[in-house]
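Please keep the sequence and the 3D view at hand while reading.

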Amino acid sequence: MVDSDPTPTTKDKYYLTYHFTGRSIYEFASKDQFSSKTGNYSKVYNIQDQFYGTGGAIYRGAFYYQSAGLDAIARYDLDSRLKTTQLKIASSLHRGSETLFGTSYNYYDLAVDENGLWALYAYKPDIIEPALPNTLMVSKLEPNYVEIEKTWNVTVSRADYSNAFIAQGILYLLESGTELNSQISFAYDLYSNSEVDLSLPFTNAFRNNRMLSYRPDNKAIMAWDGKNIVVQPILSE
């Protein structure tokens, strides 16, 4: 992970959580140190509770993540080394066999684009009608206090996709994260409330894409694929 709107603390740094769940965030002083594969890191942060999933994000000097086992998104400040607040999203999926997409490693996905911080999540099947497998919730978050500013209800079959990112206010969904040749086949413009017709080829070079994010600072997609960071520049009109 990188901070796309960095503070002096996080500028040019890389961050890594080694497992799906845990308490430690590892900081690397540079891209070269991160890429050296020696296992050397410059700093480690230990959060007060426990994160879950690969859907966390670093934004403006803080780590945003799902508090493991809870229906809550938390904010951990890297400067103070304190968990400053958390947002409870009552009745959202947060444990058990049903996850956000057709993969087993996320209930929440935090995303960053030019507009700020976003959260993707879903509700339990017995809370909202009609059937929730076709409902993806997208909320724009205020980052300091982790409060919801606005929420979109996007109709899409979540189980047909493996991962997502948001770029320039548009939600993109990736089909497979394990097939070599996959595609981004669903896009939704959150500000015009309309689906975008597209089909973009996407290569999972190591066939084990567990994390997908957009970097608004350099207009690129960053994937964590088979323990490798793969950066793909994108073109947009």
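This is a predicted model: local features need pLDDT of at least 70, side-chain atom pairs count only at pLDDT 80 or more; totals for chains, interfaces and linings use all residues.

Asp113 has Gly116 of strand 8 as its bridge partner. Strand 8 covers residues 116-121 and pairs with strand 7 in the antiparallel sense, over five bridges, and the two strands form a hairpin that has two residues between them.

## Burial of strand 7

Strand 7 runs through residues 109-113, and because five of its five residues are buried, this strand is largely enclosed by the rest of the structure. Buried here stands for a relative accessible area under 20%.

In a regular strand, side chains alternate between the two faces of the sheet.

## The largest pocket

The largest pocket holds about 900 Å³ of space. Its lining is made up of 36 residues, of which Leu16, Phe34, Trp224, Lys227 and Asn228 are the closest to the centre of the pocket. By class, this lining counts 16 nonpolar and 16 polar residues, together with four charged ones.

Several elements each supply at least two residues of the lining, among them strand 1 (14-16), helix 1 (31-35), strand 16 (209-215), strand 17 (220-225) and strand 18 (228-233). Strand 3, which spans 43-59, gives the most to the lining of the largest pocket, with five residues.

Notes. Residues are numbered from 1 along each chain as its sequence is written. Side-chain values use heavy atoms; hydrogens and water are left out. On a 1 Å grid over the protein atoms alone, a cavity is a set of points where a 1.4 Å probe fits but cannot get out, and a pocket is an open set with protein on both sides within 12 Å along at least five of seven lines; lining residues have an atom within 4 Å of a point. Grid points are joined across faces, edges and corners, and a volume is the space filled by probe spheres set on the points. Helices (H or I, at least four residues) and strands (E, at least two) are DSSP runs, numbered from the N terminus. Ala, Val, Leu, Ile, Met, Phe, Trp, Tyr, Cys and Pro count as nonpolar, Asp, Glu, Lys and Arg as charged, and the others, Gly among them, as polar. Buried means under 20% relative accessible area, exposed over 50%, partly exposed in between (1.4 Å probe, protein chains only). Two strands pair if DSSP finds at least two bridges between them.
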